[in-house]
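Please read the following note with the sequence and the structure open beside it. The numbered points are meant to be checked one at a time.

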Amino acid sequence: MRWCPRPVLLILAGAAAGLAACTPVPTRFAPGVAARWVASPNFDLRRPQFVILHHTGNDTAQQALATLTNPARMVSAHYLVGRDGTIYQLVDERYRAWHAGASSWGSDEDLNSSSIGIEMDNNGAEPYPPAQVEALLALLADLESRYDIPRENFLGHGDIAPGRKVDPGVLFPWRQLAGHGFGAWCDPQGPASIDTGNPASVDPDDATLLAILGYDTANPGAAIRAFNRHFMALEDEPVLSPEGRAVLECLVAAKAPST
């Protein structure tokens, strides 16, 4: 007996792995317990709420593919976007890829289970070429259209794992992505009005605002570095400048629900 899930329609700019291949009937976690498989149609597939962007740290897409498909490495992503714009699919979107590791954003502490992971073919010290960015934008548009992912939930690995990861790096075009609706961005026009939910908090500190935004602030310096890398294009800056603080306040004010 074969279990054949209904294929998911994807629109991609490059080759993608087929999703319609049948897989064996799932094995129980306790195989010593006898059970008869009777398939029910009453279930849902996981629905991703985040997209996490990475860079591979490799010099070629083939090097990255070798790593991402090596069982011994135990790392994967749903997609790899090559420097030339080719999109490779490595894991079915319905399944949990191993790309985020120990990470958190807000109250979510298992980003692997709630996200799509996208690796960018980039060694971490080079600009992202236009063909690659255009392919990424097409992929993000497709994902957003099918999963209705909130714009602020397009994040970098460095955002969800501050102090441990820095990708996709300071050269990643976050502003360009935000201009297409993928990722939070703010160009402050003046002082922001912030409601932290605490009337006594007249002037919330940087860590409080970063936590409201979603950052893990157990290590405030690492969280500030991650914020500066994403929003200020600063490589390793552990202090918020006045300009950085203004951007942070603007983002938090934009995140707060209107009353």
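1. The link of Cys-186 and Cys-250 is left-handed, with -50° about the S-S bond. Cys-186 belongs to the loop between α5 (174–179) and α6, whereas Cys-250 belongs to helix α8 (residues 242–255); the pair thus links distant parts of the chain, 64 residues apart. The S to S distance of this disulfide is 1.8 Å, and the structure holds one disulfide. As a reminder, a disulfide is a covalent bond between the sulfur atoms of two cysteines. Please keep in mind throughout that the model is predicted.

2. Are the two cysteines buried or exposed? Cys-186 has a relative accessible area of 13% and is buried. Cys-250, at 14% relative accessibility, also counts as buried. The reasoning rests on a cut-off: a residue is called buried because its relative accessible area is under 20%.

3. The protein chain has eight helices and seven strands. It comprises 259 residues, of which 42% count as buried. The chain exposes about 13700 Å², and carbon and sulfur atoms supply 55% of that area. Among contacts with a separation of 6 or more, 64% are between residues 24 or more positions apart.

4. The aromatic residues deserve a careful look. The structure holds seven aromatic pairs. One of them is formed by Trp-105 and Tyr-215, which are edge-to-face, at 4.8 Å centre to centre and with 70° between the planes. Trp-105 lies in the loop between β5 and α2, and Tyr-215 lies in the loop between α6 (206–213) and α7 (220–231), so this pair ties together parts that are 110 residues apart in sequence. Trp-105 counts as buried at 9% relative accessibility, and Tyr-215 is buried with a relative accessible area of 4%.

5. Tyr-215 has a further partner. The ring centres of Tyr-215 and Phe-227 are 6.4 Å apart and their planes stand at 70°, so this pair is edge-to-face as well. Tyr-215 is in the loop between α6 and α7 and Phe-227 is in helix α7, twelve residues apart. Both Tyr-215 and Phe-227 are buried. Ring pairs link Trp-105, Trp-185, Tyr-215, Phe-227 and Phe-231 into a cluster.

6. After α6 comes Gly-214, whose phi is positive, near 140°.

7. The last point concerns a charged residue, Arg-94, which is found in the loop between β5 (87–89) and α2 (111–114). What does the side chain of Arg-94 contact? It makes a polar contact with the side chain of Asp-92, at 2.4 Å. Arg-94 counts as buried, at 9% relative accessibility.

Methods: Residues numbered from 1 in each chain as written. Predicted model: local features only at pLDDT ≥ 70, side-chain atom pairs only at ≥ 80, totals over all residues. Heavy atoms only, no water. Helix = DSSP H or I, 4+ residues; strand = E, 2+ residues; numbered from the N terminus. Buried < 20%, exposed > 50% of the residue type's maximum accessible area, 1.4 Å probe, protein only. Polar contact = N/O pair within 3.5 Å; in protein donor to acceptor, adjacent residues only side chain to side chain. Phe/Tyr/Trp six-rings, centres within 6.5 Å; stacked < 30°, edge-to-face > 60°. Contact = heavy atoms within 4.5 Å. Areas by Shrake-Rupley, 256 points an atom, 1.4 Å probe, with all protein chains shown as cover. Disulfide = S-S within 2.5 Å.
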